[in-house]
Amino acid sequence: MITQLEVSGIPVVLSPTTGPMHAGLVFRVGVADEPLAKRGITHLLEHLALHAFGVADYHYNGATGDEFTYFHMQGAETDIVAFLNGVSTALTDLPMHRLTTEKEILRTEASTRGDNPTEALALWRHGARDYGVGTYPEWGLAGITPDDLRAWAARYFTVENAALWIAGPAVPAGLDLRLPHGERRPAPAPSSALPVRPAYFPGPPKGVAWDAVVDRSVSAGVFAGVLKRALFRSLRQEGGLSYAVQTDYSPRSDGRAVITAFADALPEKQGAVLGGFIDVLAALRLGLVEQADVTAEVNHRAEGLMHAEEDGSRLPGLAFNLLLGRPVQSADELVAELRAVTRDEVAAVAATAFADGLLMTPGRNTADWAGYAQAPQDSASIAEGTKYASLEDSEVSFVAGDRGVSLVQEDSAATVFYDECSVLLVWPDGARRFIGHDGMVVHFEPSLFPNGHAVVPAIDARVPRSLWAAMPARDPERIPKPRPADVPPAGSSGGGGKAWPIVVLVALAPVLLFFGGLGLIMGAYAFEDDIDVATEVTISVVFLAFALLAGWGVIWAILRLRRR
């Protein structure tokens, strides 16, 4: 049923369907290709290419993912031809007069986008590069120029980097995709910010999330479904601990695939959901895979494949495979592979996935007790350079050096070296935020450090302009202002009139200790007639020194605790 051919030099997969005709043009470029300083450039280009179509009676859309960007349309043949020809024309001559407006539209779109409960997994796994870039806001939009867009289109939106799918009886007449020539662009190699796996990190208190990277295979897809069935049975049906349980299997261009799982949790059930989640993963790793689950998942996937073959929903994935150089398989071939999957193969995937797993625990819950190492939350080293103590907290300092910057606190440090910086966020008031390849963040507010504004030009000069991302001006009321060190902020439990009992006690402590000690010494003299005057004076002086030191020690301890 599936035919492979070419249109305007672009490879095509075509298949008749039982539903309305639809088609799509896909390119091998996505968010994972973007440098963080240009985050949003592919999405912006997609919006510009679709601007001319406005409000239409037919359904059309565009989408930008991690590895692919595509333009899709459903309707009559003539409408599909007009849409695809129009997109290809727009990609070679983008409507730059819409640039400012489309940037604002994207900002509005971002503000209404809901949270993805598993999104943080990619950040902790990959950091601020390639497959971790999509977890960050579209910071690059403000600085993207028409020349940036033209260069991006010339690099990625070409004949050699495109594929087409058509769900219909034949290639519609008049289809003429005039794109520039270029070369096929491979997906970026995935980076890693995890020194050891399995690992965990604390996340929001809403639930438990987990992912693992395994070899792309039919058995891995079956394992994702088996995992969902096991989690649902344990956490919802038997335990009554969770409502939403979901898993996902996402093939990747490098021949690998990401398996993701999530289960929600009420605040009072966080620990129980985490424990149940870990137990399910551990059981599957040990080979405790239910044959009934494997059989049910194979049947479910086989049925879905046959429906997808009929309505043409398999075609986008086949077009993606064309761009990756993978063979185009029929639904019958895939069903045969599915039927051949065994319980032992699923158990083997479970063991591999467990070893590579990254777990997001809810709130302050840990997972070291289950054999998971804590993912790095601090940098292993501190930049060498000039140290600037905070004007409001003596335990915080900023270090600016020739190779990098660090933000150092009492028992932790974040460091970003200039040659490992993914982006420098720049505010007009002088604030700077460095984000390293590993995802570490160093935020510098010059108003909170001595000579802070004088430091800014020196650190700016060490970061290439191509890594800068301009941020909008802040309301002056939101720019931090220093408060005296060791003075609690207004409204805190230690501020205002509530502090006077502590102050009085601290002030009287040396006096009380001294006179109390003097009384003890005088009492001792009443029983020791043979002590001479010189000895009495010496003992008094020593005890006086001890009393003063003890008193000031009490002061130091109280102030330290209140500052914490």
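Reader: What makes Arg 39 and Glu 138 a salt bridge?

Author: This is a predicted model. In it, the closest N and O atoms of Arg 39 and Glu 138 are 3.8 Å apart. The cut-off is within 4 Å, so the pair counts as a salt bridge.

Reader: Why say that Arg 39 and Glu 138 tie together parts of the chain?

Author: Arg 39 sits in the loop between strand E3 and helix H1. Glu 138 sits in the loop between helix H4 and helix H5. The two parts are 99 residues apart in sequence, so the pair ties them together.

Reader: Are Arg 39 and Glu 138 buried or exposed?

Author: Both Arg 39 and Glu 138 are buried. That word calls for under 20% relative accessible area.

Reader: What makes Arg 462 and Asp 402 a salt bridge?

Author: Their N to O distance is 2.8 Å. The limit is 4 Å, so the pair qualifies.

Reader: Why is Arg 462 called partly exposed?

Author: Its relative accessibility is 34%. Buried needs under 20% and exposed needs over 50%, so Arg 462 falls in between.

Reader: And why is Asp 402 called exposed?

Author: Asp 402 has a relative accessible area of 61%.

Definitions and conventions
Residues numbered from 1 in each chain as written. Predicted model: local features only at pLDDT ≥ 70, side-chain atom pairs only at ≥ 80, totals over all residues. Heavy atoms only, no water. Salt bridge = Lys/Arg side-chain N within 4 Å of Asp/Glu carboxyl O. Helix = DSSP H or I, 4+ residues; strand = E, 2+ residues; numbered from the N terminus. Buried < 20%, exposed > 50% of the residue type's maximum accessible area, 1.4 Å probe, protein only.
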